[in-house]
Every structure is written in structure tokens, then in C-alpha cells.
Amino acid sequence: SVAVNKVLLDAMARICAGILALASDGGGPVPTATLVDVASWTNRTAPLEEALDRLGLDLWQMPMLPAVGGPAARTSLMEGYLWNFDGLELNPRTVAATGVHQFIDPGVGQLRIKHLRALRDSKNLPLEPSADVLCDCAEAIATSLVSERATPERWANFYDDLATLDVKPGSLHGRALILDEIGGIAKVGAAGEVPPVYFPPQQTDDTAGALPLPSSMRARMVFASPDVPSRAPGRSGGHRPGREWLARQGLVSEYRTETVLEAVAETMAELAEVEDSQRDLSECLRFAFELTRRATRDLKSASLESLGLLVPVSAGWVRATDARFGRGWAGPHERVDGELARLVSLAPEESRELAGVADVLVPAPEHVIPGCAGEDYEALRAFLESLGVRHGLWPVECQDGPMSLQGSLLAE
């Protein structure tokens, strides 16, 4: 009868609760398999939960399930997941070591796993980890790799594991996963949420090797570490799965010189509004100069002019297209530069136009980029010319409109 069944079920629940309580108090060695059995013998948990509640215990929070991490490792019905992924760096054992999540030992057997799955399903709790839990795991392993100063090869293996796991990229946004060029860890995410991460330039890409970012630019963009191998071993090896996956999912972007220079220009424009930013501005200009020198393809002057990079002048820092070369620059226009500097120095104070030209004269190369080697002065001049710095006086476009003067004024 129903009444008899209820009495039997309640008695069974009390017996199971007693066994679980015994294990919880350390009163005796209870095999872990037995604990799983007495906790999951039915997915109608109300009698067992009531019996445990009378003993001051919670079925879902008791650490009674055998867990990955060692013979004594335990987890609970609420916190334990079953995860069979076995990557080189990303797997239940390594994640359990970080303490971020706990995983049920699959050694309990398929039948018990089936019972545990039914038990979790009764509470709408999937046994497998969700995408967010997997992202927790990935971030925990990345943090662990940084703290351990892991080798570049281990980082490449970690990226390969991510590719195999193939979590939806949206779930990873805001997660710190990428080893950066200074040994830190960078977050990945949608544009505008976090600084974009770029693969470092390689010998075969846009430039001849990587160039460290100025410190003032690290809030705008991040370079992934150039030490992490991106290609499979062998002379004909293609990109590793992890590298391809990061690019395909848009988590790390391909390097382009113009994109980096745009970030330089934006950074310099912000720095120009800040006091005592001379050093940072010089660092940005030096970086842009070295970047264009290392470019393995020609960069169009029109594109460089449109960037609006700033250059140092007598009155501070201005857009390159507003600046003029002063004394100290060798080359075919050396005489013109010297005459212009002489003209503005002799101009009467009443000439506001010439006074304005004096404010935008670019000083000699050793002052533009301090420490620049003499043999690089010609390349520096060519770089400034490509940015739009001009030699001599140039006509200024005036607004359309009528202009009238008395003839006597022209005669004078």
C-alpha cells in the first residue's frame, strides 16, 4: 500500500541520513562509493533531505562525493561537476588544483554517474559545467600559468586547449586569458569594453619583429607575447590550432602597422592635454618612428599625414601638418630651413603671421627624439616629411569672400 511504501521510504531515508552523518562527523570510514549510493538511490529527495535536516545537515552541501584532486578530495552535489575534457593544460586536475571549481571523480562508475545526473536534473542542475563555469576554469588556468612563469610552449598548449574546448567567444569577454608582451595577462573582449589585443608582429608580417609598446599606450591596446610559438613544429608547419582559433573568434586581432599608428595618434592627442607629458609624447613619437622603419611594406604618405601625429615645436606639440622644419636638418632643403628660421627671428613683433610660424618650427633632430643616433637623422627627416612636416613657407587657404584695399597701400 501507499502507506507502507511511505513508511519504508522514510525508514530508508533515515538509514541513509545516518550513514551520511557518520561520514560527515568522521565517526568511521565509509567507502566513497557507499556515500554516492546512499545519496543518490532515488531522485525523490524530500524524505532524505528531511531526515538530514533533523540532523542539522544539508544533502546538497555535504562534501561526500569523491572529487578529482586526490584520495581525500571531496565535493558536494551542489558544487561538483562532471567534466571529461582532458587538455594538456586545461583539464579537471589542473583546474581543481586552482580551487576555482570542483569536479566529480569519473572513477565512481557510469551507473553512479547516471544516478547523480538524475539527482541533479531533479533540481534543474546540469551535471556538466556551463559555459560560464568553463570560462572560470580557463581564466584560473591562465592566472596559474602566469604565477608559475610557465614556458611559452605551455601557453601555446593552453591556447590549443581553448581551441579544442571551443567555448563561445561571447562567454569569454572580459576574461584574462592572453599572455602579454610584458609577462602580464590581458583580457579579451568586444571593442570598447577592454583594450584590443593584437598578435605581435613577426618577421613575415607587417614589420621586421616586435617592438614594445610605450607605457602610455597600454591602456589602448595590448600586444600578445611574441615568445609564445604560433606555428606547429617543422619547416612547413602552419599556425597552431590555438592561434587560428583566437584569430577566428576575434579574441586576438591580426597586426597592422596603420592600426597601431592610429592608436599612437589618439594617445598623443590625449597626452597633449595633460601637463608634464613631454616624456610620454617623446616616447610615442620614437615608437612611431621605429615602427615605420621596421615596416616591411611601403606606407602611403597620405595615410600617414591623415593620422594627425604630433611633433615637437618651439611652442609645444602640434599636428605634423601644421609644423615647419627649423635649423639643423640636413638634406636638399637645408638652406630653405635655415632661411625660414632666420626670417622669423628677424621679423618685427607686429607680424603675427611670422610669429605664428616661429611657434611651429621643429627643432634639430637631437631635440626631436633625444638619443637618436646621428646616422638615423636622415631617416628621421624622411619620417617627419611623410607625416606632413614641410620645408619653408606654404600658402594658406583663405576663406572665400571679397577683398579690397586702397591702391596707395599697395604702393607702400
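Student: How many salt bridges are there in this protein, and what makes a pair count as one?

Tutor: The count comes to 19 salt bridges, where a salt bridge is a side-chain nitrogen of Lys or Arg within 4 Å of a carboxyl oxygen of Asp or Glu. The model is predicted: local features need pLDDT of at least 70 and side-chain atom pairs count only at pLDDT 80 or more, while totals for chains, interfaces and linings use all residues. Residues are numbered from 1 along each chain as its sequence is written, and side-chain values use heavy atoms, with hydrogens and water left out.

Student: Why is the contact of D10 with K6 called a salt bridge?

Tutor: The N to O distance between the side chains of D10 and K6 is 2.9 Å. The limit is 4 Å, so the pair qualifies. Both residues lie in helix 1 (residues 2–25), four residues apart, about one turn of the helix; helices are DSSP runs of H or I with at least four residues, strands are runs of E with at least two, and both are numbered from the N terminus. An α-helix has 3.6 residues a turn, so residues three or four places apart point the same way.

Student: What makes R175 and D136 a salt bridge, and where do the two residues lie?

Tutor: The side chains of R175 and D136 meet at 2.6 Å, N to O. This pair links distant parts of the chain, with R175 in strand 5 (residues 175–179) and D136 in helix 6 (residues 131–147), 39 residues apart. R175 has a relative accessible area of 14% and is therefore buried; D136, with 23%, is partly exposed.

Student: What span is expected of helix 11, and which of its residues are buried?

Tutor: The expected span is 1.5 Å times one less than the number of residues. Helix 11 has 17 residues and reaches 24 Å from its first C-alpha to its last, close to the 24 Å expected. Its buried residues include L281, F287 and L291. The buried residues of helix 11 pack against elements including helix 10 (257–271), strand 9 (310–313) and helix 16 (377–387).

Student: How do you know that residues 203–208 call for caution?

Tutor: pLDDT is the predictor's confidence in each residue, from 0 to 100. It stays under 50 over residues 203–208, whereas the mean pLDDT of the protein is 87. For residues 203–208 the model has 23 contacts beyond four places in sequence, a contact being heavy atoms within 4.5 Å. Where pLDDT is low, the predicted coordinates should not be read in detail.

Technical notes
Buried < 20%, exposed > 50% of the residue type's maximum accessible area, 1.4 Å probe, protein only.
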